[in-house]
Structure formats: structure tokens, C-alpha cells
Amino acid sequence: MDIYRIKAQHIQNGVPVPGQFLELVAGLTSPGFIAQGDWYGVVVDQAEFHPFVLTQNGYCQYAGDKTQVRHCTIVARPVVVDEIFEITWADAEDRYGYQVVSVGRLNA
């Protein structure tokens, strides 16, 4: 399986938010979907870092705290540059949009 670093810029109303982005290291299937398994990432908000695990069911588990779980739509379709996905709380009230800016293969 090929492993990739996926970088995505936080966007609001279609505009990038400076200093806010996400990086995810994950396996991708041949059609470009996130592979089954648990993958590791971080949300960066200026100088704050929020590590998470993206679980195979599409949830982000933040810093080991079982109460800090969000759903991530990146698992719903192939990962490609310019694709937009969301991270939301379970109640779907709190939504964060991200646009993929790069997908770089890490293993040879």
C-alpha cells in the first residue's frame, strides 16, 4: 500500500484562512480513497497543534480524549488536489471546511 502526506488548507466561505491547515499521513487505495485502518494527522491553528487519529469509520479521535470525536468526510470520495471536505462534531453544528492543496507519496 502506498502512504501519502495529505495537506489541506482551512477555508471559510471559499477563502483560505491563513495559518490554519491540516496534515494527514494515510494509505490510499488505487482509486485514491483513504485505506482501511487508523491514520495520523494534525490540525494546526496558528501556533496550536491538535493531533488526531482518523479511524477507519471516518472519525477523528483527538489527543486520546474519547469526548473529542469529529466526523471527517475525507473518507467519502477519492483524495485529490482541490477537493473540499469537512470535519464536523456529531451534532453537525460545528463545521470546518478544508481544501486539499497537496498529496505527496511518502514511500517508494
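A cavity, on a 1 Å grid over the protein atoms alone, is a set of points where a 1.4 Å probe fits but cannot get out. Keep that in mind for the first view. Everything here comes from a predicted model, where local features need pLDDT of at least 70, side-chain atom pairs count only at pLDDT 80 or more, and totals for chains, interfaces and linings use all residues. Residues are numbered from 1 along each chain as its sequence is written, and side-chain values use heavy atoms, with hydrogens and water left out.

View 1. The largest cavity has a volume of about 30 Å³; a volume is the space filled by probe spheres set on the grid points, which are joined across faces, edges and corners. Its lining (residues with an atom within 4 Å of a point) is made of Thr73, Ile74, Arg77, Pro78, Val79, Glu83, Phe85 and Val100. Sorted by class, that is 5 nonpolar, 1 polar and 2 charged residues. For the sorting, Ala, Val, Leu, Ile, Met, Phe, Trp, Tyr, Cys and Pro count as nonpolar, Asp, Glu, Lys and Arg as charged, and the others, Gly among them, as polar.

**View 2. The largest pocket.** A pocket is an open set of grid points with protein on both sides within 12 Å along at least five of seven lines. The largest pocket holds about 270 Å³ of space. How many residues line the largest pocket? There are 11, and Val43, Asp45, His50, Arg70 and Tyr96 lie nearest its centre. Strands S3 (39-45) and S8 (95-105) each bring at least two residues to the lining, and S3 gives the most, with 3 residues. (Strands are DSSP runs of E, at least two residues long, numbered from the N terminus.) By class, the pocket lining has 5 nonpolar, 4 polar and 2 charged residues.

**View 3. Arg70, one of the residues nearest the pocket centre.** Arg70 sits in strand S6 (residues 69-72). Is Arg70 buried or exposed? Arg70 has a relative accessible area of 14%, so it counts as buried. The cut-offs are under 20% for buried, over 50% for exposed, and partly exposed in between, using a 1.4 Å probe and protein chains only. Skipping its neighbours within four places in sequence, Arg70 is in contact (heavy atoms within 4.5 Å) with Gly58, Tyr59, Cys60, Tyr62, Ile87, Thr88, Trp89, Asp94 and Tyr96.

View 4. Cys60 is in no disulfide, and the nearest cysteine sulfur, that of Cys72, is 4.5 Å away. Cys72 is likewise in no disulfide. Cys60 counts as buried because its relative accessibility is 1%, and Cys72 is buried too, at 3%.

**View 5. The largest nonpolar core.** In soluble globular proteins, nonpolar side chains tend to be buried together. Here a nonpolar core means a set of buried Ala, Val, Leu, Ile, Met, Phe, Trp, Tyr and Cys residues joined through side-chain atoms within 4.5 Å. The largest one has 22 residues, and Ile6, Leu22, Leu24, Ile34, Ile74 and Phe85 have the most contacts inside it. The elements giving two or more residues to this core include S1 (2-12), S2 (15-28), S4 (48-54) and S5 (59-62). S2 provides the largest share, 4 residues. Zoom in on Leu24: leaving out residues within four places in sequence, its contacts are Tyr4, Arg5, Ile6, Ile34, Trp39, Tyr40, Gly41, Phe52, Leu54 and Ile74.

View 6. Ile87 lies in strand S7 and is buried, with a relative accessible area of 1%. Beyond four places in sequence, Ile87 touches Leu22, Cys60, Tyr62, Arg70, His71, Cys72, Asp94, Arg95, Tyr96 and Tyr98. Ile87 and Thr73 are 14 residues apart in sequence but 6.6 Å apart in space, C-alpha to C-alpha. Thr73 belongs to the loop between S6 and S7 and is partly exposed, at 22% relative accessibility. Thr73 is in contact with Phe85 and Glu86, once neighbours within four places in sequence are set aside.

**View 7. Two loop residues with positive phi.** Asn13, in the loop between S1 and S2, has a phi near 55°, a positive value in a residue other than glycine. Asn13 is exposed, at 81% relative accessibility. Gln46 is in the loop between S3 and S4, and its phi is about 60°, again positive although Gln46 is not a glycine.

Definitions and conventions: A disulfide is a pair of cysteine sulfur atoms within 2.5 Å.
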